[in-house]
Amino acid sequence: MTTTNANADCSFLAKFNGKVEPQTRTQYPSLENLADGSYDFTILTARIKETQNSRDHILECECRCEQTAQTVPLSWFIETDEQLARAMGDLGTLGYPVATWGKAGGPPLEKAIPDAVTTLPGKRFKGTKKTTTGKANGKTYHNLYVNSALPGVDPATLPAPNTPAPTGPAPMRPDESPF
């Protein structure tokens, strides 16, 4: 059995001095931590925001994966025709009448989309998380696809966003030993 004690050589940690700040669980809702597969999701929050550097607009949601209780992001850039069409396609899948938006007789997009954002919390959907590797750059991408709508829930009953998902085994009791 190997144990580490206060006298162990931990000099390798010196390289982190002054560079690392503790993260709270609420700082990183991430798709990276969700295995690829099909899941049920509930939208907890939704907003339109601008990115800090490029000032691009993003429709951003936090979703609760019902099978794992993890909070994960779902977002769409809405700066180009193609990006907005993708976002509207997913909003249509969630039940919004997107075919009329921005057209004669329908609401203008600058009203319809913000109105939809206010009613996204509580919407549920069947989604697929898929990890891909970019062919040109070799980067890893984590994507969440909206496949179909599920019956919604009352937004007043939603859990708080960024509630940490349970991870790993339960904490040990003081009288337990890991060995």
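Two strands pair if DSSP finds at least two bridges between them; strands (E, at least two residues) and helices (H or I, at least four) are DSSP runs numbered from the N terminus. This is a predicted model, in which local features need pLDDT of at least 70, side-chain atom pairs count only at pLDDT 80 or more, and totals for chains, interfaces and linings use all residues. Residues are numbered from 1 along each chain as its sequence is written, and side-chain values use heavy atoms, without hydrogens and water.

**Exercise 1.** Work out the order of the strands in the sheet.

*Solution.* Start with the pairing: five strands form an open, antiparallel sheet, in the order S3-S2-S1-S4-S5. Next, look at the edges: S3 and S5 each have a single partner strand, so one side of each lacks a neighbour in the sheet. Then zoom in on S2 and S3, which seven bridges join; Cys61 has Leu74 of S3 as its bridge partner.

**Exercise 2.** Find the contacts of Trp101 (heavy atoms within 4.5 Å), leaving aside neighbours within four places in sequence.

*Solution.* The list includes Met88, Leu91, Tyr96 and Pro107. Continue with Leu109, Ala112, Ile113 and Ala116, which are also in contact with Trp101.

**Exercise 3.** Which side chain of opposite charge is nearest to Asp90?

*Solution.* First place Asp90: this residue lies in helix H1 and is buried (under 20% relative accessible area, 1.4 Å probe, protein chains only).

Conventions:
Buried means under 20% relative accessible area, exposed over 50%, partly exposed in between (1.4 Å probe, protein chains only). Lys and Arg count as positive and Asp and Glu as negative; His and the chain ends are not counted. A salt bridge is a side-chain nitrogen of Lys or Arg within 4 Å of a carboxyl oxygen of Asp or Glu.
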